[in-house]
Protein chains: 2
Amino acid sequence: MSVTAAAGFTAAGVTAGLKSAGRDLALVVNIGPQRHAAAVFTSNRVAAAPVLWSRQAVSDGRADAVVLNSGGANACTGPEGFADTHHTAERVAQALDISAQDVLVCSTGLIGERLDMGALLPAVDAAAAALTDDDGAAAAAAEAIRTTDTVSKTAQSGGTGFVVGGMAKGAGMLAPGMATMLAVLTTDAVITQPDLDAALREAVRVSFNRADSDGCMSTNDTVVALASGAHPDADASGVDLREFQAALTEVCRDLAAQLIADAEGAHHEIAITTIHAANEDEAETAGRAVARSNLFKTAIFGRDPNWGRILSAVGTTDVAFDPGTIDVAVNGVWICRGGGIGEDRSLVDLSGRQVEITIDLKSGDAEATILTNDLTHDYVHENSAYSS
Amino acid sequence: MSVTAAAGFTAAGVTAGLKSAGRDLALVVNIGPQRHAAAVFTSNRVAAAPVLWSRQAVSDGRADAVVLNSGGANACTGPEGFADTHHTAERVAQALDISAQDVLVCSTGLIGERLDMGALLPAVDAAAAALTDDDGAAAAAAEAIRTTDTVSKTAQSGGTGFVVGGMAKGAGMLAPGMATMLAVLTTDAVITQPDLDAALREAVRVSFNRADSDGCMSTNDTVVALASGAHPDADASGVDLREFQAALTEVCRDLAAQLIADAEGAHHEIAITTIHAANEDEAETAGRAVARSNLFKTAIFGRDPNWGRILSAVGTTDVAFDPGTIDVAVNGVWICRGGGIGEDRSLVDLSGRQVEITIDLKSGDAEATILTNDLTHDYVHENSAYSS
């Protein structure tokens with residue numbers, strides 16, 4: 001499973017002591033023969049030191065290793081924080097006998113505090129010594145990147161002559177720009193770097209970028225894809241790109257759904273599907289406006305099918321729709337018809353965790369689904385006490 | 001005080017029975033000699049029936065009366081809901097012997113339900129019969145427009161030859177587009193309708209439109225200004241427009257601050273002032289991004305001066321600033337300097353209700369203040385139980 005499911009990868013997860021308890025440093029290594037890499041990063045202009053480093057390091061399309069830590073975001077830490085990231089990459093390079101420029105760094109945790117490098121650097125050596133391709137090592141790596149995540153997130157798919165595996169973390173400050181949270185995807189596909197890059201961007205667009213838990217974009221979001229070309233049955237001329245795209249997208253969607261399901265304080269997982277939009281962007285815009293409405297999100301927490309809050313959110317956007325013809329269904333009951341009162345709202349059952357909202361804009365043929373969750377007492381509790 | 005402080009106005013607040021308890025229908029009448037009116041409305045495309053009606057009715061610059069009800073927003077109610085608004089205006093016109101086209105209608109409450117016209121129409125007659133210019137009538141009117149507001153909001157100012165008074169309501173779904181919530185402003189100034197209109201738009205821009213409680217824009221927001229020209233010491237050539245603008249803006253700012261102070265579940269009133277912005281719009285954009293961050297708002301609830309959440313919110317905008325030079329102060333302590341760690345965060349005292357955030361963008365000379373509040377358990381509780 002996860003990042004060692006594809007051939008050509010090793011991983012490790014160890015305890016550095018950056019967090020109060022548990023594993024907090026992960027290492028994923030591509031042992032080749034190919035070492036193609038692609039990545040998407042947060043579009044937040046306040047980008048963390050590891051984002052600034054990794055953006056540069058991956059720009060040549062190659063990465064041999066990714067080192068990830070929880071227990072500190074290393075964001076808003078100035079030149080000293082950037083030097084900490086640089087030292088981390090150098091230590092990985094030294095331990096693996098590779099170039100620091102081929103080491104990507106990801107960090108997650110509290111913003112505005114320096115990392116304890118005295119704890120982190122020895123843990124890099126320990127992780128390098130523990131690298132294996134077995135499932136336990138991949139599980140330990142997935143565990144080591146958790147912050148407020150209550151469970152590890154891993155996924156796997158594949159096709160003819162390739163496997164795709166991945167791990168991700170993220171439970172709060174969870175809304176996409178270019179990408180959201182941390183995720184490492186590995187594949188043994190024989191694929192060119194430009195094809196890998198294009199496939200990653202498309203997969204992220206329709207998966208992580210449509211997960212919006214709390215509308216807050218992180219300073220550290222990073223999604224990395226590594227390709228080794230090591231699959232035993234690989235066709236040297238390369239994988240079928242459509243099949244590869246489908247598998248990569250499947251893994252990203254699986255991980256994105258796991259993130260939303262474990263979002264801080266969530267009692268409901270909500271899928272907002274906008275149909276008959278003029279285009280895919282407008283379908284996404286309408287769904288995201290609803291996903292970011294605190295009034296909608298508290299209503300779902302209270303099991304209240306308050307469709308007026310859905311319409312008032314869509315009404316703030318500039319997408320094509322007529323307020324007099326829009327329909328809205330909650331868990332299959334069309335309680336808003338023609339912009340007004342539809343079926344009996346008491347028919348809606350919101351007792352389960354899964355909630356499906358369908359918004360029919362009647363303006364075209366496009367659709368998109370945004371994943372979000374409700375706004376609960378547990379969210380307020382967790383985020384009012386996070387750093388204190 | 002309030003809407004009858006200026007000469008030339010009468011008011012009433014009565015109980016129609018639209019709400020479970022208390023007054024719920026208000027009437028404000030301009031008895032002249034002038035009957036200039038200006039209004040700004042929600043920019044939400046899902047606009048309520050009374051907004052559609054009043055937008056048209058005020059388009060000639062004249063209004064003789066405003067009738068307002070709580071206990072139902074009359075939004076998303078289709079042609080039947082529009083007919084209800086029309087009937088309400090006709091009933092007011094009949095009772096006062098004026099034209100229905102000179103009656104503005106405002107409604108507030110739950111979206112997606114018809115008003116009980118059998119209760120509302122007789123209450124119009126009762127309100128018309130109760131009209132007086134005394135303070136008690138104005139207080140009753142201010143009380144009658146409350147929904148989840150825990151207190152009435154009124155304000156007053158004035159200048160040479162004029163008085164400005166006002167009342168407002170709004171505690172949730174409180175974020176501006178062109179205007180937010182319901183407010184009626186009255187003045188006895190001698191002023192032309194175009195000058196009144198321009199003064200209202202400017203006052204709303206820097207007051208109600210900078211109050212953003214929960215980022216959710218209402219379907220019913222309406223701010224109305226009425227001018228009677230009835231001040232006993234009025235100069236027939238008109239008021240000093242600068243003095244009038246200052247007084248009108250003061251009343252609007254006072255009411256906006258009262259709205260934020262009484263926002264649903266708020267434990268802290270937060271003023272986010274962005275300084276040294278490239279222009280006023282960018283100062284507003286930066287402040288609003290912070291005001292809409294649930295992570296920032298829960299941190300303040302938890303008395304946690306989490307400046308990383310402020311920077312990450314500003315970083316999502318496109319305003320001019322350098323992430324390496326930005327400074328942030330919380331209650332006067334510059335805990336973020338140069339985009340990194342500044343003064344000791346333990347020096348920040350968040351035990352009081354008033355919180356002042358200062359964001360120094362170092363990109364120009366403009367500034368703006370956005371008013372908001374924290375995100376609390378009480379907000380979640382109140383909004384998960386509102387309609388059920």
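How many salt bridges does the rule find across the interface of domain 1 of chain A and domain 2 of chain A? The count there is 1 salt bridge. Before looking at that pair, please keep in mind that this is a predicted model.

## Two domains in chain A

Let us start with the layout. Chain A is divided into domain 1, covering 2-261, and domain 2, covering 269-384. The contact between them draws on 16 residues from domain 1 of chain A and 16 residues from domain 2 of chain A. Their C-alpha centres lie 32 Å apart. Together, domain 1 of chain A and domain 2 of chain A bury about 1300 Å², with 39% of this area on carbon and sulfur atoms.

The salt bridge at this boundary joins Glu280(A) to Arg205(A), with 3.4 Å between the closest N and O atoms. On the side of domain 1 of chain A that touches domain 2 of chain A, helix 6 (residues 241-261) of chain A gives the largest share, 4 residues. Sorted by class, that side of domain 1 has 8 nonpolar, 4 polar and 4 charged residues. Across this interface of domain 1 and domain 2 of chain A, the rule also finds 2 residue pairs in polar contact.

## Where chain A meets chain B

Now for the contact between the chains. Here 50 residues of chain A are in contact with 50 residues of chain B. The size of an interface is often given as the accessible area lost when the parts come together. For chain A and chain B the buried area is about 4000 Å², and carbon and sulfur atoms give 59% of it.

What does the rule find in the way of salt bridges across the interface of chain A and chain B? The number is 0 salt bridges, while 2 residue pairs are found in polar contact across the interface of chain A and chain B. Four elements of chain A give two or more residues to the side that touches chain B: helix 8 (294-301), helix 9 (307-314), strand 13 (340-341) and helix 10 (377-384). Helix 10 of chain A gives the most, with 6 residues. By class, the side of chain A that touches chain B divides into 20 nonpolar, 22 polar and 8 charged residues.

## Salt bridges through the structure

Over all chains, a search of the whole structure finds 31 salt bridges.

| Pair | N to O distance |
|---|---|
| Lys153(A) and Asp149(A) | 2.7 Å |
| Glu143(B) and Arg23(B) | 3.2 Å |
| Glu280(A) and Arg205(A) | 3.4 Å |

Glu280(A) is partly exposed, with a relative accessible area of 29%, and Arg205(A) is partly exposed at 30%.

In chain B, the side chains of Glu143(B) and Arg23(B) meet in a salt bridge. This pair links distant parts of the chain, 120 residues apart: Glu143(B) is in helix 4 (residues 135-144) of chain B, and Arg23(B) is in the loop between strand 1 (9-14) and strand 2 (25-30) of chain B. Glu143(B) counts as partly exposed at 29% relative accessibility, as does Arg23(B) at 32%.

Back in chain A, a network of salt bridges links Arg35(A), Arg62(A), Asp64(A) and Asp102(A).

## A buried glycine in chain B

Finally, where is Gly161(B)? Gly161(B) sits in the loop between strand 6 (153-159) and strand 7 (162-169) of chain B. Its relative accessible area is 13%, so Gly161(B) is buried. Leaving aside residues up to four places away in sequence, Gly161(B) touches Ala189(B), His231(B), Asp233(B), Ala234(B) and Val239(B). Gly161(B) and Asp233(B) are 72 residues apart in sequence, yet their C-alpha atoms are 5.1 Å apart in space.

Terms used
Residues numbered from 1 in each chain as written. Chains lettered and ligands numbered in written order. Predicted model: local features only at pLDDT ≥ 70, side-chain atom pairs only at ≥ 80, totals over all residues. Heavy atoms only, no water. Domains from an automatic or database assignment. Contact = heavy atoms within 4.5 Å. Buried area = accessible area lost by both parts, 1.4 Å probe. Salt bridge = Lys/Arg side-chain N within 4 Å of Asp/Glu carboxyl O. Polar contact = N/O pair within 3.5 Å; in protein donor to acceptor, adjacent residues only side chain to side chain. Nonpolar A, V, L, I, M, F, W, Y, C, P; charged D, E, K, R; others polar. Buried < 20%, exposed > 50% of the residue type's maximum accessible area, 1.4 Å probe, protein only.
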